[in-house]
Amino acid sequence: MEQRKHTIDRRVGRTKTALHRALISLILERGYDSITVEEICQTANVGRSTFYLHYTSKDDLKQSGLDSLRRQLADSAARAVHDGRPREGFDFSLAMFEHARDHIDLYRALAGSRGGTVALGTIRQILSDLVRNELAAKPDAPSPDPIPRDLVVHYVVGAFMAVLTWWLDGGAELPPQRIDAMFRRLVAEGVNVACF
């Protein structure tokens with residue numbers, strides 16, 4: 001019984017991977033907005049009934065990919081803590097730069113579509129949640145003029161998205177580690193003076 005379940009899980013995983021790859025290839029080819037579920041199924045060589053067994057729409061398929069990104073970034077931040085490395089703050093950033101570099105054409109295609117605007121908004125929300133959680137773990141420092149935590153979250157995420165956009169628009173020529181170090185340097189001074 002366990003062997004059969006493992007086989008089914010692997011088959012489901014392969015199907016979902018094929019559907020995500022099909023969506024990405026179609027986005028790169030034509031943009032997000034004009035893609036249909038039928039085209040995704042044809043490209044992935046998957047039946048419509050199989051598609052709807054796993055997803056309710058192309059937006060649901062896209063959201064599933066973004067949820068996977070959320071888990072990947074959260075895992076990266078958690079690994080930094082568990083590996084015994086000193087916490088530098090914003091431990092999601094290097095993983096996000098690496099993901100963007102590995103999918104640079106996809107990010108560029110998304111930036112030009114209505115569906116991409118939704119995707120980038122979701123990425124912004126993912127990053128906001130990660131930053132908010134990280135800031136919540138820091139002790140509040142007394143300050144005569146505290147800066148609202150939500151403003152700090154918007155500042156960090158806005159700075160990250162600006163650096164990411166600048167880097168991708170320039171062809172992502174700098175290695176992810178270098179652009180990450182630059183982002184951390186730019187943000188660290190602003191956040192370090194923010195007292196809550």
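## A buried aromatic pair

Phe 51 and Tyr 55 are both buried (under 20% relative accessible area with a 1.4 Å probe, protein chains only; over 50% is exposed, and in between is partly exposed). This is a predicted model, in which local features need pLDDT of at least 70 and side-chain atom pairs count only at pLDDT 80 or more, while totals for chains, interfaces and linings use all residues. Residues are numbered from 1 along each chain as its sequence is written, and side-chain values use heavy atoms, leaving out hydrogens and water.

## Rings that meet

Searching the whole structure turns up 7 aromatic pairs (ring centres of Phe, Tyr or the six-membered ring of Trp within 6.5 Å; planes under 30 degrees apart are stacked, over 60 edge-to-face, the rest tilted). One of them is Phe 51 with Tyr 55, tilted at 50° with 5.8 Å from centre to centre.

Phe 92 and Phe 160 make an edge-to-face pair, because their planes stand at 65° and their centres are 5.5 Å apart. Phe 92 sits in the loop between helix H4 (58-82) and helix H5 (93-102), and Phe 160 in helix H8 (residues 149-169), so this pair ties together parts 68 residues apart in sequence. Helices here are DSSP runs (H or I, at least four residues), numbered from the N terminus.

## Asp 180

Asp 180 is found in helix H9 (residues 176-192), and it counts as buried because its relative accessibility is 6%. Setting aside neighbours within four places in sequence, Asp 180 is in contact with Ser 93, Leu 94 and Phe 97 (heavy atoms within 4.5 Å).

Note on methods
Helices (H or I, at least four residues) and strands (E, at least two) are DSSP runs, numbered from the N terminus.
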